[in-house]
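Welcome, and thanks for taking a look at this one.

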Amino acid sequence: MSPVPCGDALPPPRPLRPRPALPAGGGSGARAMELPPGHFPAARAAAVAVEYLRYLRGGPGSGLRLRELQRARRQDIDDVGHKYYLELELEDVLDKDRTVSCTAEVLYHLGSKTSAPDVQLTVQGELRSTEEADKEFYNRIRSLEKELVAENIPDSHGNVPPELEPIHLLAWVASGYVIWQNSTENTKFHLAQVKHVKQVKRNDEDLQFDFVLLLHEMVSQEVLPWEVTLLWHPQRGARVPQSRAAGAGSS
Amino acid sequence: LQLDFWLAPRRLGLPVDIRVPFRSLQAVKAHLEASGVSYSIMIEDVQALLDEEQTEMLRSSRQRSVDTTTFNYEAYHTIDEIYNFMDMLVAENPNLVSKLEIGRSTENRPLYVLKFSTGGTNRPAIWIDTGIHSREWVTQASGVWFAKKIVQDHANNEGVASILETMDIFLEIVTNPDGFAYTHTTNRMWRKTRSRHAGAICVGVDPNRNWDAGFGDAGASGNSCSETYHGPYPNSEPEVKSIVDFVKSHGNIKAFVSIHSYSQLLLYPYGYTETPAPDEQELHELSAKAVAALSSLYGTKFKYGSIITTIYRASGSTVDWTYNQGIKYSFTFELRDTGRYGFLLPAKQIVPTAQETWLALKVIMEHARDNIY
């Protein structure tokens, strides 16, 4: 199976930041050192790669999950940052028997608190096609008379009503973007809960969902509310035109 | 029309029952009336009935059960239900189980520990706690399951029955009751205790940063509003102090396991320093065995290692203190899952999680029994 670079399949109107030219083979004398996959630095970089992929390739009909981090190396590039080389095995939570391999490069920029890590991915193998499910979801939402509103997905007991599972998976796409944009070597984020979601009807062909997402950050253990707007279209994929950390948490 | 026949047409003279979707209602009525077919409405709104049934099912799964056999282990429970469970377990097994009150929380809730013992005096013991971080609901739920499992094993003379011949087991299920109550009433994502200290702007201390091992060092926060606030001084939290006092006065605890979620990890000291624990090799090998046993049941993958290399630097943590007290087999578990549901693990995963974790715990307990120190 020839490798398919992720992101090639979708013509993105989304504003990806231009990548700085990286010195081939890494800067002055920096070799990539092997990292134990069980140690946290590799795990954090892998999480960023998966979240980025969720943003690129996720949708209401599929949710990617890291099954195993098989190999990790790190290269310290002078004046640039730390680059992680990862070999991942991924699965679709809705189709667990099928796994897919992915190699990823995650570059955390030196000293930068404001720029997102650069992620490049190559996926070997095919992810399940969700064209049918995507179209059905799209038509269902478009034909709703009242805009969809929901909260607490999952609820306190971990329940997600089946008809809200696609919304849950779209929240992963939205949180995938936010997590990718806000990750550093000292963070590890997961989507803890969709606190609130409201569909906003549009005049164009996109679906719009305004989310309040709770993101759990593992190192600080904080659960942080984020307001995120997600635009999604079955062929064009996802875009996050705006996102911001919401007000301070409760007492 | 999408008609759903609940009683299909069989022959002339027999009735037919049809569930009619709302949008086809007028059309069906018109057709029946025009054809002179009489009908009556059995159920006005099927969806309403289903919704009511759903609510009722949820309610009845939380109705107070009369014994630990009918108790619903596949659901999350309130603190009252868990405390009631404990009393029932003791009442049903008075020769094996007793309930100790080791202290009171900030909000004056009793801190209960179940003691499982077949006799002896101050036998070498194993300690297990769950729920020290209140939002980690699968842990308290697993603790309830463990309690019942110990009793069952003993009754059937299998599993941990052999361990109970020479050792006692102490199990604190709701280690942070104030926080737990708060997750039910107010904030499902609450982690800390509910203490208010002089000069602190915010409520609560992280009970897993409040222990006297590297207290206040990097890996905890001095800001009371932080989720990893270490508190004003070690053991400032009664939930922590009561365990410290218990461990010290018992003096014969040989294995100490503190259970958290989520991440699927088995961790051993240290969290506050990169210096390897003197027993690191043995703890690492024991972890490998425990994780293999856990994985054998449902294939759940766990990673393992020291706290500081595997997850993050953390100071003032429970098992760093217990290890420094000389309790060699000190472990922290992070149970299911790896982030898909996180703290909000579906209730149907409670029992599988408890079952697999129990296999790992047994490996640790058996090792402690077989390696006396």
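Predicted model: local features only at pLDDT ≥ 70, side-chain atom pairs only at ≥ 80, totals over all residues.

In chain B, α8(B) and α11(B) cross in a right-handed sense. Helix α8 covers residues 280-298 and helix α11 covers residues 350-370 of chain B, and their axes come within 8 Å and cross at roughly 145°. From α8(B), the contact draws on B:Glu282, B:Leu286, B:Lys289, B:Ala290, B:Ala293, B:Leu294, B:Ser296, B:Leu297 and B:Tyr298. Facing them from α11(B) are B:Pro352, B:Gln355, B:Glu356, B:Thr357, B:Leu359, B:Ala360, B:Val363, B:Ile364 and B:His367. Sorted by class, the residues of this helix contact are 11 nonpolar, 4 polar and 3 charged.

Now for the place where the two chains meet. How much area is buried between chain B and chain A? The value is about 2700 Å², with carbon and sulfur atoms giving 52% of it. On the chain B side, the residues that lose the most area to chain A are B:Tyr312, B:Arg340 and B:Leu344, which together account for 23% of what that side buries. Chain B brings 33 residues to the contact, and chain A brings 33 residues too.

The polar side of this interface can be counted as well. Between chain B and chain A there are 9 residue pairs in polar contact, both residues being at pLDDT 80 or more. Helix α9 of chain B (residues 307-310) supplies the largest share of the side that touches chain A, namely 3 residues. By class, that side of chain B has 16 nonpolar, 8 polar and 9 charged residues.

Salt bridges come next. Over all chains the structure holds 28 of them, and the count between chain B and chain A is 1. That bridge links A:Glu165 with B:Arg340, and B:Arg340 is also among the chain B residues that lose the most area to chain A.

| Salt bridge | N to O distance |
|---|---|
| A:Glu165 and B:Arg340 | 3.9 Å |
| A:Arg54 and A:Glu51 | 3.1 Å |

Finally, a few backbone details to check on your screen. Which bond joins B:Ser261 and B:Tyr262? A cis peptide bond does, with omega about 0°. B:Tyr262 sits in the loop between β7 (253-261) and β8 (265-268) of chain B. Chain B also has a cis peptide bond from B:Arg336 to B:Asp337, where omega is near -5°. B:Asp337 belongs to the loop between β10 (329-335) and α11 of chain B.

Over in chain A, A:Gln221 has phi near 65°, a positive value in a residue other than glycine. You will find A:Gln221 in the loop between β9 (207-217) and β10 (223-233) of chain A.

Notes. Residues numbered from 1 in each chain as written. Chains lettered and ligands numbered in written order. Heavy atoms only, no water. Contact = heavy atoms within 4.5 Å. Buried area = accessible area lost by both parts, 1.4 Å probe. Salt bridge = Lys/Arg side-chain N within 4 Å of Asp/Glu carboxyl O. Polar contact = N/O pair within 3.5 Å; in protein donor to acceptor, adjacent residues only side chain to side chain. Helix = DSSP H or I, 4+ residues; strand = E, 2+ residues; numbered from the N terminus. Nonpolar A, V, L, I, M, F, W, Y, C, P; charged D, E, K, R; others polar. Axes fitted to C-alpha atoms, helices over the stretch in contact; angles between N-to-C directions. Left-handed = near helix turned anticlockwise from the far one by under 90°.
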